[in-house]
Amino acid sequence: MSKDLTERFEKYADLIIKVGLNLQKGQRLMIRAPIEAVELTRALTAKAYDVGCPYVDVTFGDEELELIRFEHAPKDSFEEFPKWRVKGSIERAEQGAAFLSIAGNNPDLLKDQDPEVVALTRKVASEQSKPFSREYISNMRVSWCVISAAVASWAARVFSNEPEHRQVDLLWDAIFQMCRLGEPDPTAAWRDHIDALERRRAYLNDKAYTALKYTAPGTDLTLGLPKGHIWKGGIDQNADGTTFVPNIPTEEVFTLPDCNRVDGMVSSTKPLNYGGTLIDNFSLTFQGGKVVGVEAETGREVLKKLTETDEGAARLGEVALVPHSSPISTFGKLFYNTLFDENASNHVALGQAYSVCLEGGEAMAPDDFARAGGNNSVTHVDFMIGSDEMDIDGILEDGSTEVVMRDGEWAFEA
């Protein structure tokens, strides 16, 4: 590894540990990483110990092993799941550990596999992980952060027109740029950015719109917002009151929609990489909050299976606003990676809603949460709908409207 990359890993690790996770002295850290990100993982581990972490627990994964399973495992074995991993995560969460996930995947890994088996595998994983993912991650009880690492298979997809020997370096350059590591003081740059997101969400929370109206080519959608909804963005707090940044990079402010009040059609503006299958040029039609029509140029069967995962998978659990001029959008590349692509575009998510986006939501039983408009599901899948042709209006309680976005950009000062 070059000296330059080593130094940039140091800066990246410093940002993630001190700003993303805001790791506290005495706090344990759990890291899940692709095996190709071992050098970055080592830098992160060293930084964690430097700030007083007593123990870093790392789990490496190899996506080729997943492909081998699909190609060779018995077809009746795909409901198997290592439940001990979930129990271990819960145990660490109860001890106050922080959780870091490093994403770096081949967008086309499972493109030739049976969509039925892919859907089943994702459903089983979501169902078995729910005791941890819902209670500790979605409810923000623990500090957590998702970041990305450049791996060869992903880099080859993003920079397919570049020489193979340059692809990974180019992807690292892009990741560092999107994470503001080129700034003289990346930590200060991130704090300024988070402050700007805080002002946007404060404005939207003050307005308390009852619905949002989306208009764009292929999109004519009215999305209800439940009473007591809370806009989030940039930074959050765990159960102990410690702040953390769940995603780096992040450009969004988000809340939960009323899962029973979504009507009209919405069209994607970027492909969705779901379970190793690329779903492209797709649209969903909603009636009374539920998907009643699914169309896609590629990956339609996988998308349809996703909406059939459970009752909530056909309803929306998140709505997020991102200006078209965000750094990831202006970079001009499709990343085939939700963490990056969702921060280039307005987006929504099928499936589970974040209970922290509803007043008192964390204390609600699932049935009470649903009655208040929150969606319950074992899945949560973001997809991108924004563009420089999208207009969004906020609908007030008296039925009047105000501009929120025009041509994909914020239409108000904050």
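Predicted model: local features only at pLDDT ≥ 70, side-chain atom pairs only at ≥ 80, totals over all residues.

Trainee: In which strand does Asp393 lie?

Mentor: Asp393 counts as buried at 17% relative accessibility, where buried means under 20% relative accessible area, exposed over 50% and partly exposed in between (1.4 Å probe, protein chains only). Leaving aside neighbours within four places in sequence, Asp393 has contacts, defined by heavy atoms within 4.5 Å, with residues including Lys213, Glu402 and Arg406. The element that holds Asp393, residues 391-395, is strand β17.

Trainee: What distance separates the C-alpha atoms of Asp393 and His72?

Mentor: Along the chain, Asp393 and His72 are 321 residues apart. For context, the C-alpha trace spans about 60 × 50 × 45 Å along its principal axes. Between the C-alpha atoms of Asp393 and His72, the separation is 51 Å.

Trainee: Which residues are in contact with Ser268, leaving aside its neighbours within four places in sequence?

Mentor: Ser268 sits in the loop between β10 (262-267) and β11 (272-274). With a relative accessible area of 12%, Ser268 is buried. Beyond those sequence neighbours, the contacts of Ser268 are Asn281, Phe282 and Met384.

Trainee: Is Arg69 buried or partly exposed?

Mentor: Helix α3 (residues 63-72) contains Arg69. Apart from neighbours within four places in sequence, Arg69 is in contact with Ser77, Phe78, Glu80 and Thr121. Its relative accessibility is 26%, so Arg69 counts as partly exposed.

Trainee: How many disulfides does the structure hold?

Mentor: A disulfide is a pair of cysteine sulfur atoms within 2.5 Å. The total in this structure is 0.

Trainee: Which cysteine has the sulfur nearest to that of Cys145?

Mentor: Cys53 is in no disulfide, and the nearest cysteine sulfur to it, that of Cys145, is 15 Å away. Cys145 is also in no disulfide; it is buried, with a relative accessible area of 1%. At 8.9 Å, the cysteine sulfur nearest to Cys145 is that of Cys179.

Trainee: What is the phi of Ala208, which is not a glycine?

Mentor: Ala208 lies in the loop between α8 (186-207) and β5 (211-216) and counts as partly exposed at 43% relative accessibility. Asn22, in the loop between α1 (3-20) and β1 (29-34), has a positive phi of about 50° although it is not a glycine. For Ala208, phi is likewise positive, at about 50°.

Trainee: What is the radius of gyration of the chain?

Mentor: The chain has 12 helices and 19 strands. Taken over C-alpha atoms, its radius of gyration is compared with the globule rule, 2.2 Å times the number of residues to the power 0.38. The rule gives 22 Å for 414 residues, and the chain is close to that, so it is as compact as a globular protein of that length, with a radius of gyration of 20 Å.

Trainee: What percentage of the contacts between residues at least 6 apart in sequence join residues at least 24 apart?

Mentor: Buried residues make up 55% of the 414 residues. Among contacts between residues at least 6 apart in sequence, the share joining residues at least 24 apart is 74%.

Terms used
Residues numbered from 1 in each chain as written. Heavy atoms only, no water. Helix = DSSP H or I, 4+ residues; strand = E, 2+ residues; numbered from the N terminus.
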